[in-house]
Amino acid sequence: ARRRPIPERLREIWWVRGLSTAALGLLLAIALVLPYLVTRPSRHLLYASILAFAICALSMTIVTGWAGQLSLGQMAFAGIGALFAAGFNRGLTFGVGIGDRWEFFSVTLPQVPYLVSMLLAAGMAAATAALIGLGALRVKGLLLAVTTFAFAMAAQQYLYRRPVLNGGNSQSIPFRRGSLGPLDLASQRAYYYLCLGILVVLLVVVARLRRSGIGRSIIGVRENEYTAAAYTVSPTRTKLLAFSLAGGIAGLGGALLGGLVQNIPYTERLFQISDSLRLVSIVVIGGLGTLMGPVVGALWVVGLPAFWPDNELVPLFTSSIGLLILLLYFPGGLLQITYSAREALLRWAESRLPDAPSNTSTAPLMAINYHILDAVRVVAKRDIFATRVKSGRSFNMFDKVNGTDSIRRDLSLI
């Protein structure tokens, strides 16, 4: 979904200039006052889960929407981020050796605060994404999707069960919330505001990244790798950077999901292969490649089934049938409907303005007239010579000169 720029005439109207800012401000205001309007902690938990899934889906905007690389393993990076965050928070312990039998020594890292553990986990997820990207980005299209899907399967069946990640826990990993300065994150409302703040910061950072040279390089490589390489932009390095950024954002979203449940069920839900496919549906339904698409898609896919749990039609519209209808009629996602309403509003505002004065320049017309005049002169010159030849008049050198002079006099009158 692409948003049409505001016409030059409408930029003079103050409410048209601030239309996007006002809409985003209204959404933020609603998000800020919502926990005070709905006071049940279970609803606060639901709202925080929607925001955490939106952060994970934001990673798909970079790797799939901008770079054009379909990744089916983003929730695997989110799971790695959640497990590393729990490990850093409790004090990560890992052994150095060969296999499971030969361990030379073990290293124990000190405990770190709650928020710091999530940031470190995001860095580990970005490093893991870069490591996977070194091999995965050698292939394109369907093979890349299969490669990331294989990594998600390997993470679900093997990586999550490593002692360095699960800490010796066989079913779930405890990840208790800490505090952020004077803000105690034990309450669901406080944790909701933490997720909301991180989502707003990431949206601002990604929006600025899109307008920077990094974002333009990523999109340029997606459009044409060879042209980008001709402008000294390395396609491999750019794709790897997009993969790493997406993995870091997914890891941060996974850490927020882990702190949300406070007891990470890594063998049952949240970070399984089905959740990676669910993440793809979130960005496609919301609007692939857009900034607010992950937020709208998370509200649709995660929020609707929770708001109406007993409705049998809601799961269909948030998964199979809903995705099919959107791809058929709204390929730009739900944001395409919003953009269509915006364009209709802009057309209405433009129709209310008086007709613009005509600023047509006469320079192109004069240029065209000169070309026409030259053509007329050539035709007239040819006709004059043809008339004199038909009259049987003989030409000598003097007559030719006089004839040429007479022709010039005739052409000067044209």
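The expected span of a helix is 1.5 Å times one less than its number of residues. Helix α13 can be checked this way: with 15 residues (293-307) it should span 21 Å, and its end C-alpha atoms lie 20 Å apart, which agrees. The model described here is predicted.

**The chain as a whole**

- The protein chain contains 18 helices and six strands.
- Of its 414 residues, 40% are buried.
- Among contacts in the protein chain with a separation of 6 or more, 74% are between residues 24 or more positions apart.
- The accessible surface of the protein chain is about 23100 Å², and carbon and sulfur atoms account for 64% of that surface.

**Helix α13**

- The buried residues in α13 are Gly293, Pro294, Val295, Gly297, Ala298, Val301, Val302, Gly303 and Leu304.
- Cover for these buried residues comes from elements that include α3 (41-66), α8 (188-211), α12 (273-286), α14 and α16 (334-351).

- Phe317 is located in helix α14.
- Beyond its neighbours within four places in sequence, Phe317 is in contact with Trp300, Gly322, Leu323 and Ile325.
- Phe317 and Val301 are 16 residues apart along the chain, and their C-alpha atoms are separated by 8.5 Å. Val301 is one of the buried residues of α13.

**The nonpolar surface patch**

- Phe317 also belongs to a nonpolar surface patch of about 940 Å², together with Leu313, Leu316, Ile321, Leu324, Ile325, Leu328, Tyr329, Phe330 and Ile337.
- Two helices, α14 (314-317) and α15 (320-329), each contribute at least two residues to the patch.
- The largest share comes from α15, which supplies five residues.
- Leu324, a member of the patch, sits in helix α15.
- Leu324 counts as exposed because its relative accessible area is 52%, and exposed means over 50%.

Key: Residues are numbered from 1 along each chain as its sequence is written. This is a predicted model: local features need pLDDT of at least 70, side-chain atom pairs count only at pLDDT 80 or more; totals for chains, interfaces and linings use all residues. Side-chain values use heavy atoms; hydrogens and water are left out. Patches are made of residues with over 30% relative accessible area and no salt bridge: like charges are joined within 9 Å, nonpolar side chains (Val, Leu, Ile, Met, Phe, Trp, Tyr) within 5 Å. Accessible areas come from the Shrake-Rupley method with a 1.4 Å probe; for residues, only the protein chains shown count as cover. A salt bridge is a side-chain nitrogen of Lys or Arg within 4 Å of a carboxyl oxygen of Asp or Glu. Helices (H or I, at least four residues) and strands (E, at least two) are DSSP runs, numbered from the N terminus. Buried means under 20% relative accessible area, exposed over 50%, partly exposed in between (1.4 Å probe, protein chains only). Contact means heavy atoms within 4.5 Å.
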